[in-house]
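Trainee: I would like to learn how to read a protein model with you. Could we look at it together, one question at a time?

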Amino acid sequence: PSEVDGNRALALLKTETILKSGLPPTQITVKSEEEHRPSGKRRRVDDADFGNFASSDGSVTTSGDETTETPGSRLTVLAEPAPEAVAKCGVKASMPFSVLIVEDTDICARLLAMQLKKMKCSTQRAENGQVAVDLLRDSMPGTFDMVLMDLRMPVMDGLEATRLIRNELKINDLPILALTGEMSEDIRSECEEIGFTGFFQKPLPKKKLQEVLAKYKAARDGVE
């Protein structure tokens with residue numbers, strides 16, 4: 001099996017274990033045989049939304065907003081999780097908004113992913129409609145919060161992919177937004193009939209993208 005460092009392990013815990021189970025960890029111990037800077041490690045753990053931190057020698061521990069220094073001790077069990085961490089437990093609102101980008105053009109996919117990352121979203125790319133259908137078929141429900149779907153792609157276009165997602169996979173509550181250079185009423189009507197949630201012209205302006213994300217994130221989180 002391949003080896004991963006602590007930071008990568010934290011990322012995998014958050015995106016794989018936690019995202020799929022809906023439960024963030026409330027206890028974690030960070031260990032290292034190397035010289036380290038506890039404040040730096042603590043910051044990385046905080047950024048990953050974990051409530052507690054312990055350095056390998058037990059010299060620095062945190063729980064919520066409190067920091068305790070205990071020279072010479074070695075901590076193996078952390079304090080009870082902060083109330084804020086408990087309050088978030090199982091609440092999807094604490095997780096990044098996950099967007100599936102279905103786009104065959106590399107530069108378009110990269111630019112869109114960069115924009116979404118700046119807006120605190122997690123992204124995954126499918127190079128064509130067939131890849132997107134296969135990915136959604138093999139994914140657990142709720143893995144993705146929204147799909148940005150190009151219409152014209154090789155292998156399988158966005159129209160056929162969305163038709164299969166709605167009719168074959170029976171995924172009807174997932175927002176699928178069409179991104180296209182074609183703005184004719186015929187294409188718009190076809191997208192509506194197939195089951196697209198929205199229809200937007202490429203490139204999607206930053207302000208409009210922010211509005212779209214805010215709308216569907218609020219819907220996901222149950223915020224009116």
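Trainee: Let me start with V155: is it buried or exposed?
Mentor: Good place to begin, but first note that this is a predicted model: local features need pLDDT of at least 70, side-chain atom pairs count only at pLDDT 80 or more, and totals for chains, interfaces and linings use all residues. Residues are numbered from 1 along each chain as its sequence is written, and side-chain values use heavy atoms, leaving out hydrogens and water. Buried means under 20% relative accessible area, exposed over 50%, and partly exposed in between, with a 1.4 Å probe and protein chains only. V155 has a relative accessible area of 71%, so this residue is exposed.

Trainee: What is the phi of V155?
Mentor: Most residues other than glycine have a negative phi. V155 is not a glycine, and yet its phi is positive, at about 70°.

Trainee: Which other residue, K120, sits in which loop, and how accessible is K120?
Mentor: K120 also has a positive phi, of about 65°, although it is not a glycine. Its place is the loop between helix α4 and strand β5 (121-126); helices (H or I, at least four residues) and strands (E, at least two) are DSSP runs, numbered from the N terminus. K120 counts as exposed because its relative accessibility is 68%.

Trainee: Which peptide bond is cis, with omega near -15°?
Mentor: Most peptide bonds are trans. The cis bond is the one from K202 to P203.

Trainee: Which side chain meets that of K202 in a salt bridge?
Mentor: Side chains of opposite charge can pair when their charged atoms come close. A salt bridge is a side-chain nitrogen of Lys or Arg within 4 Å of a carboxyl oxygen of Asp or Glu. For K202, the N to O distance is 3.0 Å, and the partner is D150.

Trainee: How many residues apart are D150 and K202?
Mentor: D150 lies in strand β6 (residues 146-150), while K202 lies in the loop between β8 (198-201) and α8 (206-221). D150 is buried, because its relative accessible area is 7%, and K202 is partly exposed at 29%. The pair links distant parts of the chain, and the separation is 52 residues.

Trainee: How many salt bridges does the structure hold?
Mentor: One of them joins R163 and E160, with the closest N and O atoms 2.7 Å apart. Both residues lie in helix α6 (residues 158-167), three residues apart, about one turn of the helix. R163 is partly exposed at 31%, and E160 is partly exposed at 32%. The count for the structure is twelve.

Trainee: What is the angle at which helix α5 (residues 129-138) and α6 pack?
Mentor: Two packed helices are described by the angle between their axes and the distance between the axes. Axes are lines fitted to C-alpha atoms, for helices over the stretch in contact, and angles run from 0 to 180 degrees between N-to-C directions. Angles under 35 degrees count as roughly parallel, over 145 as roughly antiparallel, 65 to 115 as roughly perpendicular and the rest as oblique. α5 and α6 are roughly parallel to each other, with axes 8 Å apart and an angle of about 20°.

Trainee: Are α4 and α8 roughly parallel or oblique to each other?
Mentor: Their axes are 11 Å apart, and the helices pack at an angle of about 60°. α4 and α8 are therefore oblique.

Trainee: How far apart are the C-alpha atoms of N167 and I194?
Mentor: N167 is found in helix α6, and it is partly exposed, with a relative accessible area of 47%. I194 is 27 residues from N167 along the chain, and the two C-alpha atoms are separated by 9.0 Å.
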